[in-house]
Amino acid sequence: QVQLVESGGGLVQAGGSLRLSCAASGRTFSFYRMAWFRQAPGKEREFVASIMWIGGNINYADSVKGRFTISRDNAKNTVYLQMNSLKPEDTAVYYCATRILSATSYGNWGQGTQVTVSS
């Protein structure tokens, strides 16, 4: 079993910053990649960023490149999402998720944390 708990969301003005955290517990040795997704009201969930659990491969959605940074601390079993230069369109519930090597999709999800950016 894998448990993921996100934190760090909140209300921030446009141009501000937030750092999200995702603490993982359970079978963390099975992780291949961890990712952040987001879902805005009335929209489908979309990919934000991902990072290999071991190694340096990182991917970002075009909409957040240059503003968001994903990182991890394996010793703490935690993945972070540093979000700078926030825009109102970044408002969403942010979820972290994990994927194991043998899977083609992310199978474990956290409960989400709300990020609201005011204009």
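You're looking at a predicted model, where local features need pLDDT of at least 70, side-chain atom pairs count only at pLDDT 80 or more, and totals for chains, interfaces and linings use all residues. Residues are numbered from 1 along each chain as its sequence is written, and side-chain values use heavy atoms, with hydrogens and water left out.

**Exercise 1.** Find which cysteines form the disulfide, and work out its handedness.

*Solution.* 
- Step 1: A disulfide is a covalent bond between the sulfur atoms of two cysteines.
- Step 2: The sulfur atoms of Cys-22 and Cys-96 are 1.9 Å apart, and these two form a disulfide.
- Step 3: Turn to the torsion about the S-S bond: it is about 50 degrees, so this disulfide of Cys-22 and Cys-96 is right-handed.
- Step 4: Now place the two ends. Cys-22 sits in strand β3 (residues 18–26) and Cys-96 in strand β9 (residues 92–100), so the pair ties together parts that are 74 residues apart in sequence. Strands (E, at least two residues) are DSSP runs, numbered from the N terminus.
- Step 5: Cys-22 and Cys-96 are both buried. Buried means under 20% relative accessible area (1.4 Å probe, protein chains only), while exposed means over 50% and partly exposed is in between.

**Exercise 2.** Classify the ring pair of Phe-31 and Trp-53, and say where each residue lies.

*Solution.* 
- Step 1: Grab the rule: rings of Phe, Tyr and Trp (its six-membered ring) pair if their centres lie within 6.5 Å, and planes under 30 degrees apart count as stacked, over 60 as edge-to-face and the rest as tilted. By this rule there are four aromatic pairs.
- Step 2: For Phe-31 and Trp-53, the centres are 5.3 Å apart with 75 degrees between the planes, an edge-to-face pair.
- Step 3: Phe-31 belongs to strand β4 (residues 31–39), and Trp-53 to the loop between β5 (46–52) and β6 (58–60), so the pair ties together parts that are 22 residues apart in sequence.
- Step 4: Check burial: Phe-31 is buried at 7% relative accessible area, and Trp-53 is buried at 6%.

Methods
Disulfide = S-S within 2.5 Å. Helix = DSSP H or I, 4+ residues; strand = E, 2+ residues; numbered from the N terminus.
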